Amino acid sequence: MSLLLSRLSRNLLKESRSGVLRIRTHPSLPQLTSTTRSPKSAYSPPPTRTFTHPSCTLRIKMAPLDPVPADKAALHAHTPIVISGPSGAGKSTILKRLFDDYPNKFGFSISHTTRGPRGSEKDGVEYYFVSKEEFLALVDKKGFVEHAQFGGNHYGTSVKAVNDIAEKGQICILDIEMEGVKQVANHPTFPRPRFLFLQPPSMGILEKRLRSRATDKEEAIVKRLHQAQVEMDFAHSGQAPHDKIVVNDDLDKAYKEVKEFIVGDEA
Ligand SMILES: Nc1ncnc2c1ncn2[C@@H]1O[C@H](COP(=O)(O)OP(=O)(O)OP(=O)(O)O)[C@@H](O)[C@H]1O
């Protein structure tokens with residue numbers, strides 16, 4: 001029986017890696033029969049597979065790795081760009097210029113959230129509004145390229161939402177913070193995007209810009225500066241996936257560098 005179990009676990013390992021069930025038993029072993037209880041919807045818990053052998057019954061929860069397949073051809077043709085950098089580094093300023101210069105070339109993916117809609121927000125427009133159970137089921141299925149929890153609510157960028165942009169023939173721009181960057185870089189199936197880090201010239205200049213932006217209270221500025229140092233340390237740690245670091249000192253110069261990185265020959 002232990003031989004049977006070890007064969008089963010080896011085969012199940014193969015299945016969980018490939019997402020395809022392959023049960024190959026040794027000819028000397030009794031035939032195994034299996035049945036699957038399928039999930040009711042895309043967000044339901046994973047199916048259960050029951051293996052029956054004359055001496056025992058094995059019930060295993062299947063958790064396929066890639067139930068939300070990435071459209072690799074579209075993502076290759078329109079490779080998403082992950083832009084990150086400390087708050088106040090100038091990401092929005094530079095992206096706005098880029099979108100103005102290249103209307104229709106870029107798209108932002110629609111995120112999922114477990115928070116309720118506010119005001120006139122509509123499902124599938126500002127966000128996909130889902131329940132916590134639906135969100136966590138998608139997390140289990142590796143359906144998010146990155147996700148996080150803020151203020152008791154979950155937020156995430158789904159593989160499908162990024163696919164949708166690439167399938168429309170646009171480059172998806174993901175403006176995300178450090179933990180999200182790590183998740184995207186380590187996603188088991190999502191094709192590697194291109195990573196750009198926007199860096200302020202110095203912490204002193206970043207502080208000045210945050211203060212003159214005048215959108216935050218003192219406490220928030222102190223928090224942002226602390227986090228900025230963490231992000232800068234990560235960016236220069238040798239562990240970061242960044243393909244390019246642009247220092248945003250002179251805005252025109254920084255924009256030119258970002259543009260060249262993102263649109264290449266078209267710049
Ligand atoms: N090169 C630059 N020189 C001077 N000021 C700049 C430069 N780049 C951006 N700024 C200013 O710095 C402030 C912060 O920029 P911005 O809001 O684009 O940063 P951000 O990285 O998008 O921040 P957040 O992550 O908080 O959204 C803005 O007031 C912007 O006008």
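Let's say a residue is near a molecule when its C-beta atom, placed from the backbone, lies within 6 Å of that molecule. By that rule, 13 residues surround the ligand, and the closest are Ser87, Gly90, Ser92, Thr93 and Leu251. Keep in mind that this is a predicted model, where local features need pLDDT of at least 70 and side-chain atom pairs count only at pLDDT 80 or more, while totals for chains, interfaces and linings use all residues. Residues are numbered from 1 along each chain as its sequence is written.

What is the shell around the ligand made of? It divides into three nonpolar, seven polar and three charged residues. Here Ala, Val, Leu, Ile, Met, Phe, Trp, Tyr, Cys and Pro count as nonpolar, Asp, Glu, Lys and Arg as charged, and the others, Gly among them, as polar. Helices H3 (91-101), H7 (203-213) and H9 (251-263) each supply at least two residues of the shell, with H3 giving the most, three residues. Helices (H or I, at least four residues) and strands (E, at least two) are DSSP runs, numbered from the N terminus.

Now follow H3 over to H9. They pack at an angle of about 60°, their axes 10 Å apart; axes are lines fitted to C-alpha atoms, for helices over the stretch in contact, and angles run from 0 to 180 degrees between N-to-C directions. H3 and H9 are therefore oblique to each other, given that angles under 35 degrees count as roughly parallel, over 145 as roughly antiparallel, 65 to 115 as roughly perpendicular and the rest as oblique. On the H3 side, Ile94, Arg97 and Leu98 meet Ala254, Tyr255, Val258, Lys259 and Ile262 of H9, contact being C-beta atoms, placed from the backbone, within 7 Å. By class, that contact has six nonpolar, no polar and two charged residues.

H7 has a partner too: H8 (residues 218-235) packs with H7 at about 145°, with axes 11 Å apart. Met203, Leu206, Glu207, Leu210 and Arg211 in H7 meet Ile221, Arg224, Leu225, Ala228 and Gln229 in H8. This contact has six nonpolar, one polar and three charged residues.

Terms used:
Two residues are in contact if their C-beta atoms, placed from the backbone, lie within 7 Å.
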